[in-house]
Amino acid sequence: MPVPASLPAQRQRANTLDVANGDLTLLVIGDDPAGTFTVPELVDAVGGRIRIRTARNLTEAERLLTDDVHCVLVDLDLPADVRRDDDPLAVLRHVLRVAPRHAVLALAGSEHAELAAEAVRAGAQDRLFREELDGPLLSRAIRYAVERKRADSVQVKLAESRLRAQENARLERGLLPTPLLQGSDLRFAARYRPGRSRALLGGDFYDTVRTPDGTVHAMIGDVCGHGPDEAALGVELRIAWRALTFAGLCGDELLSTLQRVLEHERESEEVFATLCTVDIAPDGRRAGVCLAGHPAPLLARPAQGARLLPYEDGGPALGLLPRARWPRLQVELGGVWSLMMYTDGLIEGRSAGPGSPRLGQEGMIEMINRQLARGLVGEELLEAAVAEVRKLNAGELTDDVAVLLLDRAAR
């Protein structure tokens, strides 16, 4: 039925409508010989304007389907030559494909009630019958359809976000290592924070395994950069390190082989990686340490506090020099100790907010000693350390952070 003449036809205004004030635009697709939608604009009960555009075919509709259109009304009674094929919902299905963010209403005669219901099942927000159509009904239907579409879009985004979070959690569990320490009396803890917003992993990597002879091997590394390529390279190096360690390689031989892996897998010759490896003797009292351009580990003993292990004889980062060597330093751990390995993201934050000096290794030692004085160990120690580094930095850290802790308690 025609829109009642009592609704005044108002002259055209600018195309930009203020949705916050209740203004909407309706695009009508249909052959309308009776002039049902000749009124260019409606004013509904909430005082908002509903501007009407009309298109007799899909070509016109796609030209008029601009960003300021909020709702599309599809006439299901279009002649067969306009529908283009034998599917009575062909136009509707096409509109749903090309306008996935728009609310869609289906218009039909009452004798086609089943077809109108099928249109809703196909994706339309609602259906209207031509014999019942008037201005107030049309206005309400448009507004309900727009709000329903918005609500549906929010629900879809929430569902996608939940699925993405679940997939990321599963992927992270697969990419981050599970320590293999069966049979060892050493305790393991680790913390990992990628520097990129929403990133699953960064360029930092770590691992810990126990070989059949009882030796515990640990490593931590950092690929330069923060993107997905660096994260992928870090995972490749970690997996290669684990395989080579179980194959019996250690020290310089292992690092030389890892350098060849890096040279083969990296995207450019400018990419390098720092690395620290530690092999702890089966009795837990001695360890060998190799540094490839990486910060030295921190060793803490009861009543002695934390200190850096010697680092003067370390070698260069992997990928910098083609025939580099990495000497293995032997250190005495003692009977009871904690060994913390970390990447430079932990020490490159600010010591007192923006503009202050970097925390550095000395600042990190002081911070760890404060945590040890509080009696913190294991997971609690790492959690408190990372939290304090962020607090000192007065915000999120821009670099990736990985921290690994091995400790041996009194027997």
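This is a predicted model: local features need pLDDT of at least 70, side-chain atom pairs count only at pLDDT 80 or more; totals for chains, interfaces and linings use all residues.
How many disulfides does a search of the whole structure find? The search finds 0 disulfides.

**Open sheet**
- An open sheet is formed by 5 strands, arranged in the order S8-S9-S10-S11-S14 with antiparallel pairing.
- Strand S8 (204-210) and strand S14 (329-332) are the edge strands, each of them pairing on one side only.
- From one strand to the next, the twist averages 15°.
- S8 and strand S9 (residues 216-223) run antiparallel and are joined by 7 bridges.
- Thr208 has Ala218, in S9, as its bridge partner.

**Helices on the sheet**
- Helix H6 lies across S8, S9 and strand S10 (273-280), and runs at about 15° to S8.
- Helix H7 (residues 251-265) also packs on the sheet, where it touches S10 and strand S11 (286-292).
- The direction of H7 makes about 150° with that of S10.
- Ala231 is part of helix H6, which spans residues 228-246.
- With a relative accessible area of 9%, Ala231 is buried, because a value under 20% counts as buried.
- Ala231 and Pro194 are separated by 37 residues in sequence, and their C-alpha atoms are 9.5 Å apart in space.

**Loop between S8 and S9**
- Thr215 is located in the loop between S8 and S9.
- This residue, Thr215, is buried, its relative accessible area being 11%.
- When neighbours within four places in sequence are left aside, Thr215 is in contact with Val209, Arg210, Asp279, Ile280 and Pro282.

**Aromatic pair**
- The count of aromatic pairs comes to 1.
- Tyr192 and Tyr206 form this pair, with 6.4 Å from centre to centre and 40° between the planes, an arrangement classed as tilted.
- Tyr192 belongs to strand S7 (residues 187-193) and Tyr206 to strand S8, so the pair ties together parts that are 14 residues apart in sequence.
- Tyr192 is buried, with a relative accessible area of 12%.
- Tyr206 is buried as well, with a relative accessible area of 7%.

- Cys71 has a relative accessibility of 0% and counts as buried.
- Cys250 takes part in no disulfide: the nearest cysteine sulfur, which belongs to Cys290, is 6.5 Å away.
- Cys250 is partly exposed, with a relative accessible area of 32%.

**His70**
- The relative accessible area of His70 is 16%, so His70 is buried.
- At 3.2 Å, the side chain of His70 reaches the backbone oxygen of Asp68.

Terms used
Residues are numbered from 1 along each chain as its sequence is written. Side-chain values use heavy atoms; hydrogens and water are left out. Buried means under 20% relative accessible area, exposed over 50%, partly exposed in between (1.4 Å probe, protein chains only). A polar contact is a pair of N or O atoms within 3.5 Å; within protein, one must be able to donate a hydrogen and the other to accept it, and residues adjacent in sequence count only if both atoms are side-chain atoms. Helices (H or I, at least four residues) and strands (E, at least two) are DSSP runs, numbered from the N terminus. A disulfide is a pair of cysteine sulfur atoms within 2.5 Å. Two strands pair if DSSP finds at least two bridges between them. Axes are lines fitted to C-alpha atoms, for helices over the stretch in contact, and angles run from 0 to 180 degrees between N-to-C directions. Contact means heavy atoms within 4.5 Å. Rings of Phe, Tyr and Trp (its six-membered ring) pair if their centres lie within 6.5 Å; planes under 30 degrees apart count as stacked, over 60 as edge-to-face and the rest as tilted.
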